[in-house]
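Thank you all for making the time this morning.

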Amino acid sequence: MKDRNIAYIGVTEATKKMERYCAYQERCHKDVEDKLKTMSLIPEAKEKIILHLLDHNFLNEERFAQSFARGKFRIKKWGKQRIIRELKYRKISAYNIKTALKEIPEKEYLETFHELAEKKMTSISEQDLYKKKKKLIDYLLYRGWENQLVFEKVKELS
């Protein structure tokens, strides 16, 4: 007996869906593969769709990595370490990660770091200076800023 809740989808329809999915926002291979897993398709059909997306420039890992790095830095104020970790999780190549990090100007990177650290330091209500520094360090490291930058800044602010 077949499960009546499974919706079967044709390759053409799945391809159109994936084109819209990729056109809406930059996607990496992992995102596309995960989305294709939710559709009941045979492996050959999934491969055909991925090749179509690559051929028609709907899917481009380098473009995805660059967009991801710019966005996470500018919007979420992530440091390079966090961006690298997240791109590796998405199985982005070392070459594309290196290219993506070039999208972040060094001057802007350092300015953002100093603004973020100073803003966070003033917002921490902890009275004990040691605990306040610990909270700032944890916050900045979690966001992916480099150890050396974090510890120099904490030393400067105390």
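What we have is a predicted model, in which local features need pLDDT of at least 70 and side-chain atom pairs count only at pLDDT 80 or more, whereas totals for chains, interfaces and linings use all residues. Residues are numbered from 1 along each chain as its sequence is written, and side-chain values use heavy atoms, with hydrogens and water left out.

By that rule, the count comes to 13 salt bridges. One of them joins arginine 74 to glutamate 108, with the closest N and O atoms 2.9 Å apart. For accessibility, buried means under 20% relative accessible area, exposed over 50%, and partly exposed in between, with a 1.4 Å probe and protein chains only. Arginine 74, at 38%, is partly exposed, and glutamate 108, at 26%, is also partly exposed.

Where does lysine 30 find its salt bridge? Its partner is aspartate 34, the closest N and O atoms being 3.2 Å apart, and because the two residues are 4 apart in helix 2 (residues 29–37), about one helical turn separates them. Lysine 30 is buried at 16%, while aspartate 34 is partly exposed at 34%.

In helix 5, arginine 82 and glutamate 86 are likewise 4 residues apart, about one helical turn, and they form a salt bridge at 3.5 Å between the closest N and O atoms. Both arginine 82 and glutamate 86 are buried, and together with Arg90 they belong to a network of salt bridges.

Now to the packing, where a nonpolar core is a set of buried Ala, Val, Leu, Ile, Met, Phe, Trp, Tyr and Cys residues joined through side-chain atoms within 4.5 Å. The largest such core has 27 residues, and those with the most contacts inside it include Ile83, Leu87, Ile92 and Trp145. Among the helices that each supply at least two residues of this core are helix 4 (61–74), helix 5 (80–89) and helix 7 (106–123). A second, separate core of 14 residues includes Met18, Leu36, Ile50 and Leu53.

Conventions. Salt bridge = Lys/Arg side-chain N within 4 Å of Asp/Glu carboxyl O.
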